[in-house]
Amino acid sequence: MLTALWDRVIALIRSGRWPAKRRAHLAQEGECQCCGRTKELEVHHMLPVHVGGPELDDTNLITLCHDCHFVVGHGCDWKAWRKDCRMVSEYLRKTKVTHV
């Protein structure tokens, strides 16, 4: 029940331009910035839209696979977020982490 409510709240917050922005971002940054995977990609807002983060600003977006999105983008808690996830992703990528 809470998940369905949360999905409706997010839908109200999202711009009608989000689907096109997401597609464009994935076309430009087509692999997980943490582990390099090219499957199950998601676009993560480093500062969430619901707390005032810019939804369509490239500097607030990073491509992560589903697993890295949860671990690196949210610190293993979907209700939390990490503003430093780009820095963490770059570090893990340089140290050749293939998957979190």
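Trainee: What covers the buried residues of H2?

Mentor: The cover of the buried residues of H2 includes E1 and E2. Contact here means heavy atoms within 4.5 Å. Buried means under 20% relative accessible area, exposed means over 50%, and partly exposed lies in between, with a 1.4 Å probe and protein chains only.

Trainee: What kind of model is this, and how are residues numbered?

Mentor: This is a predicted model, in which local features need pLDDT of at least 70 and side-chain atom pairs count only at pLDDT 80 or more, while totals for chains, interfaces and linings use all residues. Residues are numbered from 1 along each chain as its sequence is written, and side-chain values use heavy atoms, with hydrogens and water left out.

Trainee: How many helices and strands does the chain have?

Mentor: There are 4 helices and 2 strands, in the order α-α-β-β-α-α along the sequence. Both kinds are DSSP runs numbered from the N terminus: helices are H or I with at least four residues, and strands are E with at least two.

Trainee: Back to H2. Which of its residues are buried?

Mentor: Trp18, Lys21, His25 and Leu26 are buried in H2. Viewed down the axis of H2, its buried residues fall within an arc of 130°, so they line one face of the helix. The arc is taken from the directions that run from the helix axis to the C-beta atoms. Arg23 and Ala27 are exposed, on the face of H2 turned away from its buried side.

Trainee: And how do the strands E1 and E2 run?

Mentor: E1 and E2 (residues 61-65) run antiparallel and are joined by 5 bridges; two strands pair if DSSP finds at least two bridges between them. For example, His45 has Leu61 in E2 as its bridge partner. Since 4 of the 5 residues of E1 are buried, E1 is largely enclosed by the rest of the structure.

Trainee: How many residues are in the largest nonpolar core?

Mentor: That core has 17 residues, and those with the most contacts inside it are Cys32, Cys34, Leu64, Cys65, Cys68 and Val72. At least two residues of this core come from each of H2, E1, E2, helix H3 (66-74) and helix H4 (85-94). E2 gives the most, with 4 residues. A nonpolar core is a set of buried Ala, Val, Leu, Ile, Met, Phe, Trp, Tyr and Cys residues joined through side-chain atoms within 4.5 Å.

Trainee: Changing topic, where is Gln33, and what does it touch?

Mentor: Gln33 is in the loop between helix H2 (18-28) and strand E1 (41-45). Leaving aside residues up to four places away in sequence, Gln33 touches Ile62, Thr63, Leu64, Arg86, Ser89, Glu90 and Arg93. A polar atom of its side chain lies 2.9 Å from the backbone oxygen of Glu31.

Trainee: Which residue does the side chain of Arg37 join through a polar contact?

Mentor: The side chain of Arg37 joins that of Glu40 through a polar contact of 3.2 Å. Such a contact is a pair of N or O atoms within 3.5 Å; within protein, one must be able to donate a hydrogen and the other to accept it, and residues adjacent in sequence count only if both atoms are side-chain atoms. Arg37 is in the loop between H2 and E1, and Glu40 lies in the loop between H2 and E1.

Trainee: What is the phi of Glu40?

Mentor: Phi of Glu40 is near 55°, a positive value in a residue other than glycine. Most residues other than glycine have a negative phi. Cys76, in the loop between H3 and H4, has a positive phi near 65°.
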